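Hello,

Here is the structure I promised to pass on. Have a look at it first, and then read my notes below.

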Amino acid sequence: GAKQSQQDQGLVESRVGLALVHYKEKSYEGALQELDGALKVNPGFAKGYLLRAKVQLERKQPEQARRD
């Protein structure tokens, strides 16, 4: 229900926040793990895809970045 949806959104935002910390510290694998987890919970979360694309570009993976 609505409560589960709020919990899921909180989880997604927390994981994306952690991913951003990993990204800023150049810990790209950690960022990808958090983003993949967040996007499993909410596949429609656009900010997650945008950040994942940035991580892939930093990892010199432009093809994977384009997919996001």
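How many aromatic pairs does the structure hold? It holds one, where rings of Phe, Tyr and Trp (its six-membered ring) pair if their centres lie within 6.5 Å, with planes under 30 degrees apart called stacked, over 60 edge-to-face and the rest tilted. The partners are Y23 and Y28, tilted at 55 degrees between the planes and 6.1 Å centre to centre. Both Y23 and Y28 are buried (under 20% relative accessible area, with a 1.4 Å probe and protein chains only).

A word on the source: this is a predicted model, in which local features need pLDDT of at least 70 and side-chain atom pairs count only at pLDDT 80 or more, while totals for chains, interfaces and linings use all residues. Residues are numbered from 1 along each chain as its sequence is written, and side-chain values use heavy atoms, leaving out hydrogens and water.

Just after helix 1, K26 has a positive phi of about 60 degrees.

Leaving aside residues up to four places away in sequence, V55 touches Y23, Y28, A31, L32 and L35 (contact means heavy atoms within 4.5 Å).

Best wishes

Key: Helix = DSSP H or I, 4+ residues; strand = E, 2+ residues; numbered from the N terminus. Buried < 20%, exposed > 50% of the residue type's maximum accessible area, 1.4 Å probe, protein only.
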